[in-house]
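Welcome! Open the viewer, get your selection tool ready, and let's walk through this structure one stop at a time.

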Amino acid sequence: MEQLAITIHENYLWGAPLWAVNLIVMFGASAVVLMLFVAPFAGITSFVERRIAARIQDRIGPNRVGPQGILQFLADGIKSLMKEDLIPTDADKPLFILAPYLVFLGMFTTFVAIPFSSKLIVSDLNVGLLFIFATSAITAVGLVMAGWGSGSKWSMLGGMRAAAQIISYEIPTGLAALCVILLAGSLSLQTIIAGQGAYPWQWYLFNNPFNPLAFFILLASLVAEGNRAPFDLPEAESELVSGYNTEYSGMRFLFIFFAEWANLYIIGALVTVLFLGGWQIPVGVSEWAGGVASWFPQVLQFLTFFLKVLVFVFLIIQLRWTLPRVRMDQLMEICWKYLVPVAFVCVMGVALWMIIWPEGLPWMTYLLTAVAGLIVAYYCYRVIWQLRNTKATLEFNPFV
Amino acid sequence: MEILNNQDSLWYFLPESVLILTFVVILLFDLPENWSKNRLLAPIVATIGTVLFLALSFYTQQFPEAITFHGMIINDAFTDFFRLFAGLTALITIFLSLKSKEVAQVRAEYWALLVGITLGIPMLAASNNLLMIYLALELISILSYILVGYLHNTKTSSEAAVKYVLYGATASGVMIYGLSLIFGVTGTLNAIEIRQFLISNPAEQLALFIGLLMTLAGFGYKISMVPFHMWAPDVYQGAPTPVTAFLSVGPKAAGFAILLRFIYTALTQDQGGVYVPLKYIDISTLMAVFALATMTLGNFVALQQTNIKRFLAYSSIAHAGYMLMAAAALNTEALRGVIFYMISYLIMNMGAFAVAIAVINDSGSEELSAFKGLGNRGRKGALAAVAMTLFMVSLTGLPPTVGFVGKFYLFSAVIEAKIYWLAVLGVLNSVVSLYYYAKIIKYMYFEEAKEQKPFALTGFSFPSLIVGLAAATVFFGIFWNALSYLTEISAHLLM
Amino acid sequence: MSGFDILFFVFAGFALVSAMGVVVSPNPVYSALSLVLTLFSVAGLFLLLQAEFLAVVQVLTYAGAILVLFVFIIMLLNLSDFELMEVRMGNLGKALLTLAAVVAFITLAFVVHLTRITGDPAVEGFGDISTLGREIFTHYVIPFEIAGVLLTVSLIGAVMLAKKNLTKE
């Protein structure tokens with residue numbers, strides 16, 4: 001990024017000072033990431049989620065706008081833009097207006113530190129992981145602000161729940177991530193990925209028996225932090241109408257929802273980076289294609305990363321539409337009585353493991369990989385078996 | 001002078017580790033349901049832990065003096081003394097808490113928190129690093145807030161806790177700003193290195209002086225030094241009486257310990273028993289003014305108190321003023337004097353509070369009038385009255401009690417330092433205090449009680465504690481050699 | 001003036017203005033939110049000093065802390081009775097207090113300005129998490145552990161104070 005700025009500074013904009021060019025390049029890069037990647041991703045995810053939900057509930061879902069309804073998100077966006085901008089009379093106006101931006105800001109700043117391939121990253125911060133946690137904490141402030149600023153009891157209850165939930169689940173998240181930080185010895189996401197390999201048995205997930213546990217904890221608490229089902233208490237529609245976003249409409253509503261879907265990508269990316277080897281592709285492939293830095297391995301890396309993230313995006317969507325919502329007390333119980341203590345055990349376990357077997361234990365790794373493979377295979381078998389039993393036709397067209 | 005690394009330092013940290021362990025064990029023992037029903041279990045564990053702490057303090061006391069944990073903590077005779085002091089105070093407080101009706105229903109956490117404060121006292125007294133000072137001070141402060149507000153179904157207790165928190169937060173905020181200024185000027189957090197910096201850099205720095213004043217606000221708050229004393233009467237009145245007793249002795253002594261250690265270590269230079277203030281900071285006069293203001297205000301406001309706890313609060317402010325004279329005198333005699341004074345204050349103040357608890361248990365009233373006619377209410381009443389008389393005489397500083405010897409040591413140190421005006425005004429202050437201490441004695445013997453029933457002071461252990469403390473007051477007032485020896489070996493700062 | 005300077009003034013300005021907002025805002029919710037802004041601006045200042053870890057931790061901790069504060073404000077204060085919270089004080093008192101605060105501020109600023117800051121420049125790798133970790137677990141291990149004890153103890157105390165019916169079996 002800096003080199004880009006220096007190049008532009010030297011070759012094109014003779015008059016402008018370097019820092020200004022730097023600033024412009026930074027803003028430019030953020031805008032590009034935002035416009036070209038995050039926005040379409042969030043939009044299409046919203047469409048995909050609706051279709052999957054429809055399939056699970058034996059409905060059809062949006063299929064009118066564009067082929068198979070894929071342009072539905074654009075239509076929704078335009079509709080939201082043209083809606084009347086409503087601000088309730090009881091609302092605390094400045095907070096009400098500001099809140100969606102904070103939510104948005106917290107979610108999208110995260111993309112600064114998330115890598116897409118070994119070269120494609122806005123900034124490889126040396127505190128990258130903490131940076132991501134910190135910026136998602138800003139989201140929480142936004143949510144509470146939205147809840148309080150709306151001046152409605154549903155919103156306020158939703159905001160309070162969001163605060164309690166996000167603060168509580170930050171702890172298991174951090175602890176579970178600590179298991180990997182111990183192994184990688186760094187908070188930089190690129191370094192963490194570089195410590196892993198392309199094949200499953202080179203991932204941190206199977207490094208030791210504690211890491212799969214930590215992986216589960218991380219996934220669960222990230223889902224909870226993102227206010228997704230089965231932990232979507234702050235916007236539980238059966239009790240709170242829609243929680244903190246009850247009073248929002250039009251573009252402001254879209255901002256909050258946009259952030260939520262973008263968050264799906266962040267959850268997937270974090271899990272992938274920490275446990276599933278990130279963008280790693282086999283060394284042979286990149287050598288064959290002329291070194292890591294050339295375009296083909298980069299594209300391959302990006303696709304690998306993206307695919308892994310998509311698996312989790314689908315998993316979380318499936319979770320949302322198949323699992324019942326937990327109760328508030330259960331939510332807290334899960335966090336404080338199960339996830340946090342187990343996460344502590346994991347951290348201590350990983351630390352001990354690193355002392356006893358600094359080089360790792362190959363047979364354990366292979367065993368864990370095999371078990372995980374079996375689980376995944378059984379999952380696929382069950383899905384096929386279910387579909388066959390219900391006499392549904394299995395077509396490789398997700399838009400049916 | 002030896003600076004030990006972490007592993008070697010662990011042995012020195014053994015007594016404090018035991019306290020941390022006790023804290024955890026009390027909480028763990030409270031978990032099983034049928035164990036937590038036993039009200040005596042937690043105080044017993046706390047007592048065992050404290051006794052073990054005392055025993056280990058005697059063990060570590062044999063080690064050579066050393067600066068431990070890379071210069072964070074100093075283990076010298078002064079530290080050893082405060083370990084002893086904290087342990088004794090904690091033991092007496094545990095006993096008083098068991099006997100007081102106010103805290104009869106407490107849960108295990110109460111005892112755990114008491115142990116926690118006991119941990120903070122020697123930590124604070126031993127701190128050699130600004131960071132450590134702040135942390136230990138906060139450890140004591142936060143636990144004190146919680147204990148003061150322990151009876152949160154009573155209004156006064158909650159009010160006291162809130163006041164305490166607000167004053168405390170402000171004071172520690174000011175203090176940490178001051179510490180940061182000191183760090184900015186000297187570039188180090190280590191008190192010994194601060195002195196070395198001051199010696200080698202004679203240039204005057206206004207920021208250092210202001211930083212020092214702000215730091216004094218934090219210390220002064222802990223020891224209820226005027227003008228940072230405002231919280232004391234309300235907090236002492238609102239807190240459960242055993243907690244008040246503990247606060248007026250333990251944390252206060254810790255505050256004095258760190259004040260003296262900081263002033264003696266960082267701001268003065270040892271020249272054969274006389275500590276000469278460094279350069280442009282005339283800490284001696286500054287502290288003398290504070291001492292005079294504190295004792296005068298404490299004594300004069302105490303004259304008009306009608307509540308026993310407020311009364312003892314102002315009395316303790318006045319005593320803080322006397323002890324502050326040690327920070328003004330700046331010589332080894334002053335250190336010895338203040339250590340002796342602390343022991344005597346522990347005995348007589350705890351004794352006064354023990355009798356006060358007995359009276360509050362009996363009458364349910366905290367007014368001074370509850371003491372009326374105590375001397376004529378049966379054998380137990382006479383006993384309590386005699387003991388209280390001794391404590392009052394001792395608090396005034398009259399022979400043949402331990403309070404007299406303590407005051408004697410302190411005043412002679414002040415005269416040694418040639419601050420005559422302070423000595424004269426201090427003695428005059430003691431005369432003033434005679435008036436209100438004598439008022440209690442007058443109440444007990446020359447006034448009629450409201451109801452002439454025998455004084456309820458049942459059991460064997462509580463009366464014997466009172467008698468024991470009263471006996472100690474007189475015994476050490478006559479044979480002070482043993483204590484004098486203890487102060488002699490304890491008045492040594494490693495710097 | 002370099003970009004560094006401009007960013008410094010932006011962050012410092014935000015910090016000052018929002019800190020002012022914490023104090024003068026009549027609405028406690030706004031005070032809390034101004035505090036967020038203050039702390040985040042300070043995090044920005046840390047970032048300019050290349051203490052990335054400190055900056056990020058500042059945001060991470062204080063976002064959570066302010067949330068708790070926010071929840072407390074909402075729960076403990078009757079939000080319709082804001083006027084009750086105003087300090088009953090005459091204009092003269094207010095003016096005097098403001099004057100005192102301004103004088104104190106100018107004095108402090110003056111003092112800090114005069115101070116020659118001594119001490120070594122930051123060590124190589126300052127702000128780097130491994131350097132920080134090594135330092136915490138060697139030279140500063142005892143403050144670190146005592147801070148742990150302090151936090152545990154405060155947590156227990158807070159739970160104890162918050163618990164209702166303490167005396168009931």
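**Stop 1: chain A as a whole**

Reading along the sequence, the pattern is α-α-α-α-α-α-α-α-α-α-α-α-α-α. Keep in mind during the tour that this is a predicted model.

Now turn chain A around. Along the principal axes, its C-alpha atoms fill a box of roughly 70 × 65 × 45 Å. Its radius of gyration is 22 Å, close to the 21 Å that the globule rule gives for 400 residues, so chain A is as compact as a globular protein of that length.

How much of chain A counts as buried? Of its 400 residues, 44% do. Contacts in chain A also reach along the sequence: among those between residues at least 6 apart, 77% join residues at least 24 apart.

**Stop 2: two domains in chain A**

Color residues 87–360 of chain A one way and residues 361–400 another. According to the domain assignment, these are domain 1 and domain 2 of chain A. Their C-alpha centres lie 24 Å apart. Where they touch, domain 1 of chain A supplies nine residues and domain 2 of chain A supplies eight. On the domain 1 side of this contact, six residues are nonpolar, three are polar and none is charged.

**Stop 3: a phenylalanine in chain A**

Select A:Phe108 and show its side chain. This residue belongs to helix H4 of chain A, which covers residues 93–109. Is A:Phe108 buried or exposed? A:Phe108 counts as buried, because it has 21 C-beta neighbours inside 10 Å, and the cut-off for buried is 20 or more.

A:Ala259 and A:Phe108 are 151 residues apart along the chain, and their C-alpha atoms are separated by 7.6 Å.

**Stop 4: where chain A touches chain C**

Bring chain C into view beside chain A. Their contact takes 21 residues from chain A and 20 residues from chain C. To find the chain A side, select helix H2 (18–56), helix H5 (128–149) and helix H6 (153–184) of chain A, the elements that give two or more residues to it. Which of them gives the most? The answer is H5(A), with 10 residues. Color the chain A side by residue class, and you will have 18 nonpolar residues, two polar and one charged.

**Stop 5**

**Stop 6: a hairpin in chain B**

For one bridge, pick B:Thr268 and look across to its partner in S4(B), B:Pro277. The hairpin has two residues between its strands, and B:Gly272 takes a positive phi near 65° there.

**Stop 7: an isoleucine in chain B**

Move on to B:Ile308, in helix H14 (residues 308–329) of chain B. B:Ile308 is buried, with 27 other C-beta atoms within 10 Å. What is B:Ile308 in contact with, leaving aside its neighbours within four places in sequence? Select B:Ala356, B:Glu366 and B:Leu368 to see these contacts.

**Stop 8**

For the last stop, select helix H20 of chain B, residues 481–490. Its buried residues are B:Leu483, B:Thr487 and B:Ser490. They cover an arc of only 65° around the axis, which puts them on the same side of H20(B). What covers these buried residues includes helix H5 (77–99), helix H15 (332–363) and helix H19 (461–478) of chain B.

Definitions and conventions:
Residues numbered from 1 in each chain as written. Chains lettered and ligands numbered in written order. Predicted model: local features only at pLDDT ≥ 70, side-chain atom pairs only at ≥ 80, totals over all residues. Buried ≥ 20, exposed ≤ 12 C-beta atoms within 10 Å, placed from the backbone. Helix = DSSP H or I, 4+ residues; strand = E, 2+ residues; numbered from the N terminus. Arc of directions from axis to C-beta. Contact = placed C-beta atoms within 7 Å. Nonpolar A, V, L, I, M, F, W, Y, C, P; charged D, E, K, R; others polar. Domains from an automatic or database assignment. Rg over C-alpha atoms; globule rule 2.2 N^0.38 Å. Pairing = 2+ DSSP bridges.
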